Amino acid sequence: MLLLPSLPIVTFPANPSLLLVSSPSWPPRRGNSTVVTAASRDVDSFTSKSGYLFSLSADEADSLSEYSFSRIDGMYKKKPLILLRRLAQIGTTFGYWFGLRLADEALERSEQMFKIRAAELRKLLVELGPAYVKIAQAVSSRPDLIPPSYLDELSLLQDQITPFSTEVAFSMIEDELGLPLDELFSEISPQPVAAASLGQVYQARLRRTGEVVAVKVQRPGVRAAIALDTLILRYIAGLIKKAGRFNSDLQAVVDEWATSLFKEMDYLKEAQNGIKFRKLYGSIKDVLVPKMYTEYSTRKVLVMEWVEGQKLAEVNDLYLVEVGVYCSFNQLLEYGFYHADPHPGNFLRTYDGQLAYLDFGMMGDFRPELRDGFMEACLHLVNRDFKALAKDFVTLGLLPPTAEKSAVTKALTDVFQNAISRGVRNISFGDLIGDLGKTMYQFKFRIPPYFSLVIRSLAVLEGIAIGISPNYKVLGSTYPWIARKILTDSSPQLKSSLQSLLYEEGVFRIDRLESLLTESLRTETALAQKPVVGTDSNKIAMKQILAFTFTEQGSFVREILLGEFAKGLDAFGLATLDSFTSVASTTMPFSGSRPLNSLTEEDMSNLRTFSRLISLFSGMQRAETQVKAVSKYGEALTPLDEASLVMYQLPSAQEMLPILSILPELPQESQQRLLQLPGDLVGRLLSRAFARTIRRMFL
């Protein structure tokens with residue numbers, strides 16, 4: 001859907017008898033013209049060399065309206081010669097190319113012939129047909145995996161396939177919509193502006209409204225081509241499965257891919273997808289989703305709003321990459337309805353600086369329980385909880401329930417430890433998948449059908465980003481939204497996971513809460529042009545933490561914090577009492593030299609947590625240094641001395657003033673919840689004191 005310069009336009013005047021043609025290559029046509037079939041002599045080289053042109057009966061054509069292996073298998077069993085011809089074509093085509101590569105190696109001319117072989121491979125894929133072009137399109141979006149010469153050639157497959165006959169295309173439009181072309185459009189380009197594996201696009205102007213639109217017309221015979229190649233790929237997957245060379249159900253993966261591909265060939269379904277996508281994500285800042293014209297659309301013809309712009313991969317715009325990453329993870333984690341074919345040709349940077357999504361044929365549906373499982377896996381990965389990560393893989397269907405969890409945990413630790421040690425912002429999604437390869441085979445990992453689309457979507461997205469910024473990391477960039485989602489989501493599964501993460505063997509892990517809060521706050525400023533630094537940045541961070549804590553979304557975290565504050569205040573009170581008792585005992589005559597100590601190890605832990613929480617809310621930079629000081633001297637000090645040290649390191653009243661200055665700036669809703677805080681804390685403190693008194697009296 002790229003606008004090409006100096007494009008000739010066919011103009012249809014209000015009076016059809018005055019048909020004007022600005023291009024001599026366009027044959028004047030009016031009314032109900034004869035439909036040109038796919039078997040016409042006027043076919044493009046792409047179609048003629050694909051080996052799938054044959055006549056289909058009406059019943060056979062209807063059977064290909066959606067993917068069904070049994071129907072496709074039954075149809076081609078009646079056409080064994082076509083199947084054998086296709087197998088021979090695929091074998092000889094790839095055999096010829098690999099033979100040339102082996103010859104280059106033998107003659108030591110591989111480097112000289114590298115670009116030539118890349119161009120030859122692209123041409124061979126085009127000749128093999130749409131199934132292989134779609135596979136190559138996915139591969140072409142990974143510059144970190146594909147050599148540059150091959151990448152340049154395969155990227156041409158995104159929208160520069162040889163177009164089929166315009167006469168065939170216009171006949172199909174008239175046949176599908178049931179009206180002459182001149183009654184539908186006042187203008188239309190005589191040649192396609194873009195051609196892909198499944199169809200090609202024309203620019204036109206609607207006669208009724210004058211709106212400029214893109215008209216996508218399906219390539220004739222493409223369903224038969226996809227059906228035949230899917231059948232072959234599925235049989236190959238079955239042979240691999242029988243040979244025991246792969247743990248996953250490859251046939252199910254092929255079925256999932258083929259189902260999505262057949263849906264992509266239903267343009268009416270694509271129009272409905274586009275409408276849903278626009279409704280869910282069209283309001284995101286700087287995201288443009290074109291309007292669909294369902295009244296002009298059928299299974300083979302799609303009319304949508306015309307969008308002008310440049311491919312995102314050809315424009316050095318990291319901001320729009322960030323917008324795309326945010327939108328994509330919004331699709332995966334918020335609604336589960338996601339764009340499963342985000343190759344570079346489907347992203348445009350409009351001339352007014354927006355990110356336009358195109359092509360809504362291949363969409364995925366990420367179920368809520370799988371979305372939660374995916375977020376839990378990311379959370380446990382970043383926090384190096386590999387034992388929980390092994391369980392997540394079972395939840396996601398990657399591991400069988402019978403897998404040895406301890407062995408898997410050790411293997412995952414070995415695989416991911418180095419990658420995670422570099423920090424969440426330096427984690428590469430592609431590297432993680434690559435590092436996981438051997439472990440997946442060793443422990444019989446399975447790739448569920450749904451997961452292949454999700455992985456492909458994320459991998460392609462990172463590939464686009466890497467093409468613009470080589471050091472870009474999708475997972476590191478999107479973890480803030482994952483962290484915020486986990487902190488705010490109402491899902492019982494995520495709440496339970498958060499609870500388990502923050503309380504390890506009953507001990508509160510405030511470091512993990514700090515990490516989650518810090519990362520989640522990056523969602524507030526991730527799309528800002530310049531971050532704020534210095535004292536103002538601390539104040540902004542404190543304000544954001546307080547504002548989040550006292551919102552409705554932060555209720556679950558607020559309850560956890562209130563509980564920990566109550567424990568800390570209780571321990572602080574005990575430490576203060578012990579301190580006074582100790583001083584009094586040393587000044588009184590006949591008192592023992594050993595001071596009284598009522599603090600338990602749990603109280604000491606609560607006091608340390610309390611100190612760190614106070615530091616977190618008064619200035620995040622103090623927290624880490626305080627904990628280091630406690631841990632450094634803690635073993636050598638008595639519990640009472642350690643408590644005194646912790647109490648001494650608590651922020652002073654003057655250091656707490658920034659918090660007081662922020663409180664009036666909080667939203668009214670947050671201020672009201674803040675006023676309820678003292679009462680809640682007093683209630684929790686009284687409850688703890690009462691429970692402790694009972695415990696000491698009777699236990």
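Trainee: Why are H14 and H20 called roughly perpendicular to each other?

Mentor: Keep in mind that this is a predicted model. Helix H14 (residues 368–382) packs against helix H20 (residues 474–488) at an angle of about 110 degrees. Angles of 65 to 115 degrees count as roughly perpendicular, and H14 and H20 therefore get that label. Their axes are 10 Å apart, and H14 passes H20 in a left-handed crossing.

Trainee: What makes H10 and H11 roughly antiparallel?

Mentor: Again, look at the angle. The axes of helix H10 (residues 222–243) and helix H11 (residues 250–264) cross at roughly 165 degrees. The cut-off for roughly antiparallel is over 145 degrees, so H10 and H11 qualify. These axes come within 8 Å, and the crossing in which H10 passes H11 is right-handed.

Trainee: How do you know that His339 is buried?

Mentor: Its relative accessibility is 2%. Buried means under 20%, so His339 counts as buried. You will find His339 in strand E10 (residues 337–339).

Trainee: Which backbone oxygens does the His339 side chain reach?

Mentor: One is the backbone oxygen of Leu358, at 3.0 Å. Another is that of Asp359, at 2.7 Å. A polar contact needs a pair of N or O atoms within 3.5 Å, and the side chain of His339 meets that distance with Leu358 and with Asp359.

Trainee: Is Glu462 buried or exposed?

Mentor: Glu462 counts as buried, because its relative accessibility is 0% and the cut-off is under 20%. Glu462 sits in helix H19 (residues 449–468). From Glu462 to Val474 is twelve residues in sequence, with 5.6 Å between their C-alpha atoms.

Trainee: And H12, how does its span compare with the one expected?

Mentor: Helix H12 (residues 267–281) has 15 residues, and its first and last C-alpha atoms are 20 Å apart.

Trainee: What puts the buried residues of H12 on the same side?

Mentor: Those residues are Tyr267, Glu270, Ala271, Asn273, Gly274, Phe277 and Tyr281. They cover an arc of only 160 degrees around the axis, which places them on the same side of H12. As background, an α-helix has 3.6 residues a turn, so residues three or four places apart point the same way.

Trainee: Which contact is there at the start of H12?

Mentor: A side-chain oxygen of Asp266 comes to within 3.2 Å of the backbone nitrogen of Leu268.

Conventions
Residues are numbered from 1 along each chain as its sequence is written. This is a predicted model: local features need pLDDT of at least 70, side-chain atom pairs count only at pLDDT 80 or more; totals for chains, interfaces and linings use all residues. Side-chain values use heavy atoms; hydrogens and water are left out. Helices (H or I, at least four residues) and strands (E, at least two) are DSSP runs, numbered from the N terminus. The expected span of a helix is 1.5 Å times one less than its number of residues. Buried means under 20% relative accessible area, exposed over 50%, partly exposed in between (1.4 Å probe, protein chains only). The arc is that of the directions from the helix axis to the C-beta atoms. A polar contact is a pair of N or O atoms within 3.5 Å; within protein, one must be able to donate a hydrogen and the other to accept it, and residues adjacent in sequence count only if both atoms are side-chain atoms. Axes are lines fitted to C-alpha atoms, for helices over the stretch in contact, and angles run from 0 to 180 degrees between N-to-C directions. Angles under 35 degrees count as roughly parallel, over 145 as roughly antiparallel, 65 to 115 as roughly perpendicular and the rest as oblique. A crossing is left-handed if the near helix is turned anticlockwise from the far one by less than a right angle, and right-handed if clockwise.
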